[in-house]
Amino acid sequence: MTRCLMAVFSPLAGGTLMQWIAMNPALSQRHYGMDWLRIGAFVLLIFYHVGFSFTPWGYQTPTRGVVQWAEIPLLGLSAWRLALLFAISGYASAALMGKAGATGAFLKSRMLRLGIPLLFGLTVVVPPQPYMGLIHSGYRHGYGYFLFHDAFSFRQVLHEYLPAVMHLWFVIYLLAYTIALCLALMLMPQSWRRKLANGAQAVFAGPWLVPAGCLAIYAVRAPGDGWTDTHSVFTDVIAHLHYGGMFLFGFLLRRSSAVRAAIARQWKLALAVGLLAYGGVALEAWHFPGNVQTPEPWIEPLDFAKAVQCWGTVIALFGIADRYWNHDHRWRTTLVEAVFPVFIAHQTVMVLVSYWLRNKGLGALAEFLILCVSVAGFSWLFYLVGREVGPLRPLIGLKRDRAPRRIDQPEVLPSTTL
């Protein structure tokens with residue numbers, strides 16, 4: 001890829017992973033393209049969750065009706081949106097590990113930066129979501145009773161399994177992958193680390209970058225329940241193989257100039273195959289919309305098309321971010337900081353507004369626009385209020401104190417939380 005990504009690192013061959021990290025410190029100049037990619041991915045996440053409410057797929061926030069064609073644009077995001085987020089998180093983790101200087105110090109910092117907002121989110125932000133679902137299913141108790149008797153009872157109440165994790169499953173998985181990576185780096189024999197690092201780079205730094213990734217995702221996703229995730233950290237094996245693999249690929253991407261160069265050469269090819277695969281996914285949705293059962297002969301080609309769409313799009317977006325988006329803007333720092341707080345708040349805001357809207361007699365378009373504006377606005381307000389109150393900042397994923405930005409030095413490694 002471009003000089004901002006390629007300047008420092010040499011290939012892995014000839015040394016262990018930890019030796020290579022020590023010999024090749026992380027880039028001192030942050031990659032703005034990755035920031036913009038991360039910001040864009042979370043903006044799309046909000047629109048995806050809002051749009052999900054209007055599809056036949058089912059959700060906890062019913063609207064006035066189902067828009068049959070809404071699933072087709074959402075399928076343009078569905079296959080790759082989470083894979084991209086985990087890959088970006090792996091990339092940021094590699095940068096932060098280089099800044100921390102030691103695996104143990106990095107793990108401690110991540111446990112605090114992810115664990116504290118996770119606990120806050122699970123105990124304060126998330127509970128209104130299952131409560132609203134219960135209220136509209138016949139639950140007769142107030143919110144105070146729900147919090148103290150049912151919300152953390154570890155049992156099923158009507159149709160809800162409590163406590164609920166809702167959208168914060170992403171943070172739980174990210175924390176789990178971070179812990180697993182750090183333990184592997186600290187405990188794995190040097191010879192194993194060397195072989196794994198060299199092997200991964202040998203596959204992804206050459207002409208096999210696109211086909212190998214597509215085949216790997218298909219091999220993981222095709223068996224069992226296919227593309228369905230359970231969001232249960234102890235049993236979601238297929239999702240862990242997929243998202244954990246993407247997390248590790250992002251980690252490798254930050255550390256390997258050879259892989260970055262391969263993406264620079266092949267991202268246009270990846271974009272082409274990703275779009276072609278999405279065409280196949282959209283065609284299936286057009287012929288068998290909503291909950292219509294997909295015929296048996298279509299299932300394997302559909303799973304393969306989703307795998308190709310996923311990997312091709314992720315590789316293409318990494319290439320585009322490096323080629324076109326690697327520049328700063330006065331809003332970038334604020335938006336990067338806001339991403340995690342907005343993510344924590346957005347789904348609870350959406351659920352509350354959705355249930356308020358459901359009996360207003362509005363059409364789907366009006367509901368969609370109101371939801372988009374409300375979710376964006378109140379989630380942004382959540383960030384603005386939280387960032388100004390010192391004790392609240394760690395609860396929403398920010399550093400306790402604002403560090404003044406120095407203008408006489410280049411901005412260093414990503415301070416991202418996710």
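A nonpolar surface patch of about 410 Å² is formed by Phe378, Leu381, Val385, Val389 and Leu392. Patches consist of residues with over 30% relative accessible area and no salt bridge, with nonpolar side chains (Val, Leu, Ile, Met, Phe, Trp, Tyr) joined within 5 Å and like charges within 9 Å; a salt bridge is a side-chain nitrogen of Lys or Arg within 4 Å of a carboxyl oxygen of Asp or Glu. Accessible areas come from the Shrake-Rupley method with a 1.4 Å probe, and for residues only the protein chains shown count as cover. Leu392 lies in the segment after α16 (364-388) and is partly exposed at 33% relative accessibility (buried is under 20%, exposed over 50%, partly exposed in between).

This is a predicted model, in which local features need pLDDT of at least 70 and side-chain atom pairs count only at pLDDT 80 or more, while totals for chains, interfaces and linings use all residues. Residues are numbered from 1 along each chain as its sequence is written, and side-chain values use heavy atoms, without hydrogens and water.

Now to Arg221, which sits in helix α11 (residues 209-221). Arg221 counts as buried because its relative accessibility is 1%. Beyond its neighbours within four places in sequence, Arg221 is in contact (heavy atoms within 4.5 Å) with residues including Trp227, Asp229, His242 and Tyr243.

Ser78 belongs to helix α4 (residues 71-78) and is partly exposed, with a relative accessible area of 29%. Its C-alpha atom is 9.7 Å from that of Leu45, 33 residues apart along the chain.

Definitions and conventions. Helices (H or I, at least four residues) and strands (E, at least two) are DSSP runs, numbered from the N terminus. Buried means under 20% relative accessible area, exposed over 50%, partly exposed in between (1.4 Å probe, protein chains only).
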